[in-house]
Amino acid sequence: MQYTFSTPIEYVPHVGPALQKRLKTLKINTLGDLIFYFPKYYQDYSKIQRIDSVKINENICIQGKILEIEEEKSWKKRMSVTKAIIQDETASIQAVWFNQPYIVKNLQKDDVAIFAGKIAIGRNSVYLSAPTFEKVSNKENIHLGKIAGVYGETKGITSRWIRFILKPMLDNLKDKIPETLPTSIIEKHNLLSFREALYQVHFPSSLEKTEKAQERFSFENIFMITLFGAKKKSENEKEIAPMVPIRKEVVDRFLDDLPFKLTREQEKSGWQIIKDMSRGYPMNRLLQGDVGSGKTVVSVMATINTIKNKHQVVLMAPTEILAKQHFKTFFNILKGYNINIGLLTGKEDKYYSKKLKNDTIEISRAKLLEKTANGEIDVLIGTHALIAASTKKKTSKKESKVLFDNLGLVVVDEQHRFGVKQRASLCRKQKDKIPHLLSMTATPIPRSLALTIWGDLDLSTIMEMPKGRKPIITRIVTENNRQKAYDFIESQVSEGKQIFVICPRIESDDEKKEVILEMKNVKEEYEKLSEKVFPKLRIGMLHGKMPPKEKEKIMKDFRLKKFDILVSTSVIEVGIDIPNASVIMIEGADRFGLAQLHQFRGRVGRGEYQSYCFLLTDSGTSKTSQRLRAMVKYDNGFKLSEMDLKIRGPGDFFGVKQWGIPDFAMNALKDPKIIEKIKESADEIIEKDPNLDQFPALKKRLESFSERVHLE
Ligand code: ADP
Ligand code: MG
């Protein structure tokens with residue numbers, strides 16, 4: 001039979017229907033799956049000791065001949081005891097197995113075998129306790145006398161069994177295992193060949209070789225992701241986008257007119273965007289900047305250059321509150337510029353026109369869409385409603401679809417809140433051109449990680465905060481100090497400040513259940529605070545089960561200072577701006593990730609007052625406090641994301657999961673040097689040969705890789 005990687009596992013010798021089922025639970029359906037089922041760790045059976053040198057209580061490995069072997073049944077104890085005498089050139093020793101009557105079927109007098117087990121001491125002798133063994137014949141040993149891989153096992157599937165099945169298959173495939181990586185890359189990075197690496201990972205000749213094998217596979221894995229990004233990027237460069245020339249005088253005037261001076265990195269990012277848009281192909285840029293670093297105004301800077309070139313801009317935000325906030329910001333900054341801005345959300349659609357001077361009017365959805373389609377609207381700001389196929393209001397499909405006359409720039413705020421498809425739908429081709437795309441995120445990820453998983457994007461980063469921000473004082477608060485924290489909150493409220501209290505996250509496989517439990521939590525906390533802790537203060541609550549209208553009303557009332565303390569679940573996380581809030585108290589802080597804690601913290605310190613973040617914790621595991629200590633030490637999102645990478649590893653970062661990166665490759669993702677090297681190689685190949693015509697095996701591999709990576 002001709003075996004290949006895609007041979008169904010049931011066609012592999014010795015795999016019957018029962019084992020096939022069990023292998024399925026390990027996600028092994030094909031021979032290829034089995035071949036890529038790598039050992040979890042290795043056991044070193046490579047050192048064979050002389051029998052006269054073994055010591056009590058040690059795990060040892062010996063090779064010898066069976067002088068005699070016998071099974072005895074002890075009827076009284078209903079036990080079977082098998083005893084054998086093993087001899088090598090130096091001495092002999094007894095091996096004892098309890099209740100393994102089948103041993104005598106496999107091991108006979110005069111057999112030569114390798115035995116591995118522990119030396120135990122009996123009543124009057126030392127013996128080898130229940131050793132595993134492998135007979136020595138003219139075939140190569142695969143279990144003992146060498147380093148053996150230990151696999152994730154399940155009932156009926158032992159590591160020994162896997163080795164037994166795999167070895168002949170690997171030998172069979174030997175000459176048919178193609179090299180996927182280009183020779184130049186193998187040589188440059190001193191990697192094992194694919195074939196050699198597969199052998200070394202399953203049947204290693206030394207521990208160093210297992211490391212080399214893993215290195216090769218990690219490299220390859222990250223290389224494929226990076227290559228995928230590089231290829232996508234190069235394909236994007238062949239697309240056509242509206243050309244938006246740089247109008248320097250306009251932008252300079254805009255910068256002069258702003259009430260504040262942009263930070264150096266804001267300005268740099270702004271110009272990067274404007275420059276990208278002056279090329280003929282679509283920009284695909286991600287602007288990363290900490291909460292409050294001022295990304296919005298950077299997008300306004302690009303907007304002004306776009307409008308002055310007679311192109312439209314659309315901005316999509318994840319929530320209605322944020323969309324409205326942006327509408328206000330754009331309106332305030334741009335009202336002197338003789339332009340029209342529209343707001344399209346779930347319920348109310350608004351419109352600001354140059355003719356209205358200083359005011360906005362409500363406008364019908366139909367009118368707004370009409371004005372967008374005929375180009376009257378210069379900037380359209382909205383929520384998901386921008387891309388929804390139909391709206392709750394009974395509009396016809398045709399009417400609800402947002403069409404532009406001359407769309408130049410798409411801005412997606414808090415991009416991680418949207419799916420790939422949603423972003424793509426806003427950026428769809430119109431009149432044969434793809435608009436430029438600016439994504440923004442306040443959840444920065446370390447650069448090395450970004451280079452890999454977002455290889456098709458260009459990155460701009462704003463690391464510095466606008467001048468004059470007071471760093472938020474962050475404290476870890478244990479149960480003993482809870483009262484002190486409450487006292488402090490009371491004194492802040494008496495000074496007219498407002499407070500956020502965040503309830504712990506509840507994790508459950510059932511998302512609906514999670515929301516309900518969290519709601520219960522918020523209600524209890526609300527009752528506790530309003531009845532027992534702060535009976536004199538005004539308290540409100542917010543949770544995910546509330547209808548959007550109610551949520552909005554609460555936020556509005558909070559902003560209008562109708563109450564002092566807002567108890568909330570994590571729904572508060574994104575973008576909310578309450579400049580008067582000076583304390584955020586996070587209950588069960590150790591249940592949140594660093595990125596989320598940092599996002600919460602960004603809810604305060606937005607006004608001129610000194611602000612505080614209290615991290616409540618009752619547990620004290622070292623990892624937990626490591627995380628909370630990092631929060632106290634750093635107020636910078638980038639620094640924290642690097643810490644997070646160190647503490648938790650890359651697996652939990654947003655956007656990493658979809659790539660299906662195996663555990664062994666995750667470590668390489670932590671190493672910026674490896675990532676840079678891989679990136680360089682991937683770029684080099686794509687630059688030389690964008691279609692990979694010279695590398696057919698690589699091309700094929702990339703194609704199957706692309707298929708595997710489901711982009712939502
Ligand atoms: P984010 O990056 O979190 O979206 P925003 O764009 O909402 O931040 O900006 C936060 C606040 O900082 C806004 O009130 C904005 O007007 C202000 N801001 C932005 N840039 C500057 C600057 N260079 N100097 C002073 N204030 C700034
Ligand atoms: Mg923002």
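Predicted model: local features only at pLDDT ≥ 70, side-chain atom pairs only at ≥ 80, totals over all residues.
Local features here need pLDDT of at least 70, side-chain atom pairs count only at pLDDT 80 or more, and totals for chains, interfaces and linings use all residues. Residues are numbered from 1 along each chain as its sequence is written, chains are lettered from A and ligands numbered from 1 in the order in which they are written, and side-chain values use heavy atoms, with hydrogens and water left out.

**Around ligand 1**

Let's start with the ligand. There are 15 residues around ligand 1, and Lys 261, Gly 292, Lys 295, Thr 296 and Arg 469 come nearest. A residue gets into this shell if one of its heavy atoms lies within 4 Å of the ligand. By class, the shell holds five nonpolar, six polar and four charged residues. In this scheme Ala, Val, Leu, Ile, Met, Phe, Trp, Tyr, Cys and Pro count as nonpolar, Asp, Glu, Lys and Arg as charged, and the others, Gly among them, as polar. Helix α10 (residues 295-307) gives the most to the shell, with three residues. Helices (H or I, at least four residues) and strands (E, at least two) are DSSP runs, numbered from the N terminus.

Now for the polar contacts, which are pairs of N or O atoms within 3.5 Å; within protein, one must be able to donate a hydrogen and the other to accept it, and residues adjacent in sequence count only if both atoms are side-chain atoms. A nitrogen atom of ligand 1 is 2.9 Å from a backbone N or O atom of Lys 261. Gly 292 has a polar backbone atom 2.6 Å from an oxygen atom of ligand 1. An N or O atom in the side chain of Lys 295 lies 2.7 Å from an oxygen atom of the ligand. On its own, ligand 1 has 570 Å² of accessible area, and the protein covers 74% of that. Accessible areas come from the Shrake-Rupley method with a 1.4 Å probe; for residues, only the protein chains shown count as cover.

A cavity is a set of points, on a 1 Å grid over the protein atoms alone, where a 1.4 Å probe fits but cannot get out; lining residues have an atom within 4 Å of a point. Grid points are joined across faces, edges and corners, and a volume is the space filled by probe spheres set on the points. The count comes to two cavities of 30 Å³ or more.

| Cavity | Volume | Lining by class |
|---|---|---|
| Largest | About 60 Å³ | three nonpolar, two polar, five charged residues |

Among the residues lining the largest cavity are Lys 233, Arg 279 and Asp 456. Gln 288 sits in strand β8 (residues 284-289).

**Buried or out in the open**

Buried means under 20% relative accessible area, exposed over 50%, and partly exposed in between (1.4 Å probe, protein chains only). Gln 288 counts as buried because its relative accessibility is 1%. In helix α19 (residues 594-601), seven of the eight residues are buried, including Leu 594 and Phe 600.

Lys 310, in the loop between α10 and β9 (312-316), is exposed, with a relative accessible area of 68%. Its phi is near 65°, a positive value in a residue other than glycine.

Conventions: 1 Å grid on protein atoms, 1.4 Å probe; cavity = no way out; pocket = protein on both sides within 12 Å on 5 of 7 lines; lining within 4 Å.
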